[in-house]
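Please open the model in your viewer and keep the sequence beside it.

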Amino acid sequence: MNIINEMHLRFPGKSVNESFSRSAVSAFVMELDPTISELADIKTAVSEAVTNCIVHGYRRAPGTVYIDAKITDEKELIIKIRDKGVGIADVKEAMKPLFTTAEDEERAGLGFAVMQSFMDSVSVRSELGKGTAVTLKKRIISVG
């Protein structure tokens, strides 16, 4: 597997930048000519991961969100979204549907489940006090 293209972004962890992240990643993946469905899946997963950085990683305090995306010669998109926030004490528990650390009642605790349903694979690494990195992978299927 060889990397044929890559991008690196960093931006303030503010809710207004969540839509920017979706748009940037979707523009980046366009060279693979994804279907509308594949593009929607990618945008949704990116949105969930970035929102997790903002809401849970930084708990709405100032912080930076980092996105590194790569495209391989096997038409696989690899996206790493990370923060340098509080980290996750128990990743396995956090990935269970309905689990949330949010203090408000608005959060359903489905972020990781949504990411897993739309991507081929989702992996999470986290260290308390140092942050969390979510790696999303999706192979783009050619229809031609």
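## A walk from the sheet to the salt bridges

Begin by selecting strand 1 and strand 2, which run antiparallel and are joined by nine bridges. As you look at this pair, please keep in mind that the model is predicted. Within the pairing, select His-8 and then Asp-68, the residue of strand 2 that is its bridge partner.

Now widen the selection to the whole sheet, which is open, has five strands in the order 1-2-3-5-4, and pairs them in antiparallel fashion. Its edges are strand 1 (3–12) and strand 4 (121–127), each of which pairs on one side only. On average, and with direction ignored, neighbouring strands of this sheet are turned by 10° against each other.

Before moving to the helices, colour the chain by secondary structure: there are four helices and five strands, and along the sequence they follow the pattern β-α-α-β-β-α-α-β-β.

Next, show helix 1, which lies across strand 1, strand 2 and strand 3 and runs at about 170° to strand 1.

Is Ser-47 buried or exposed? Its relative accessible area is 14%, which is under the 20% limit, so Ser-47 is buried. Which residues is Ser-47 in contact with, leaving aside its neighbours within four places in sequence? They are Glu-18 and Arg-22, so display the side chains of both, because they are four residues apart in helix 1 (residues 17–29) and are thus separated by about one helical turn. These two side chains also meet each other in a salt bridge, with 2.5 Å from N to O. Glu-18 counts as buried at 14% relative accessibility, whereas Arg-22, at 26%, counts as partly exposed.

The structure holds four salt bridges, and two others are worth a stop. For one of them, select Asp-41 and Lys-138, whose side chains meet at 3.5 Å, N to O. Asp-41 lies in helix 2 and Lys-138 in strand 5 (residues 131–139), so this pair ties together parts that are 97 residues apart in sequence. Both ends count as buried, Asp-41 at 15% relative accessibility and Lys-138 at 8%.

Then move to Arg-139 and Glu-74, whose side chains meet in a salt bridge of 3.9 Å, N to O. This pair, too, links distant parts of the chain, for Arg-139 is in strand 5 while Glu-74 is in the loop between strand 2 (64–72) and strand 3 (76–82), 65 residues apart. Here both residues count as partly exposed, with relative accessibilities of 32% for Arg-139 and 39% for Glu-74.

To finish, zoom out and show the surface of the whole chain. If you display contacts between residues at least 6 apart in sequence, 65% of them join residues at least 24 apart.

Technical notes: Residues are numbered from 1 along each chain as its sequence is written. This is a predicted model: local features need pLDDT of at least 70, side-chain atom pairs count only at pLDDT 80 or more; totals for chains, interfaces and linings use all residues. Side-chain values use heavy atoms; hydrogens and water are left out. Buried means under 20% relative accessible area, exposed over 50%, partly exposed in between (1.4 Å probe, protein chains only). Contact means heavy atoms within 4.5 Å. Helices (H or I, at least four residues) and strands (E, at least two) are DSSP runs, numbered from the N terminus. Two strands pair if DSSP finds at least two bridges between them. Axes are lines fitted to C-alpha atoms, for helices over the stretch in contact, and angles run from 0 to 180 degrees between N-to-C directions.
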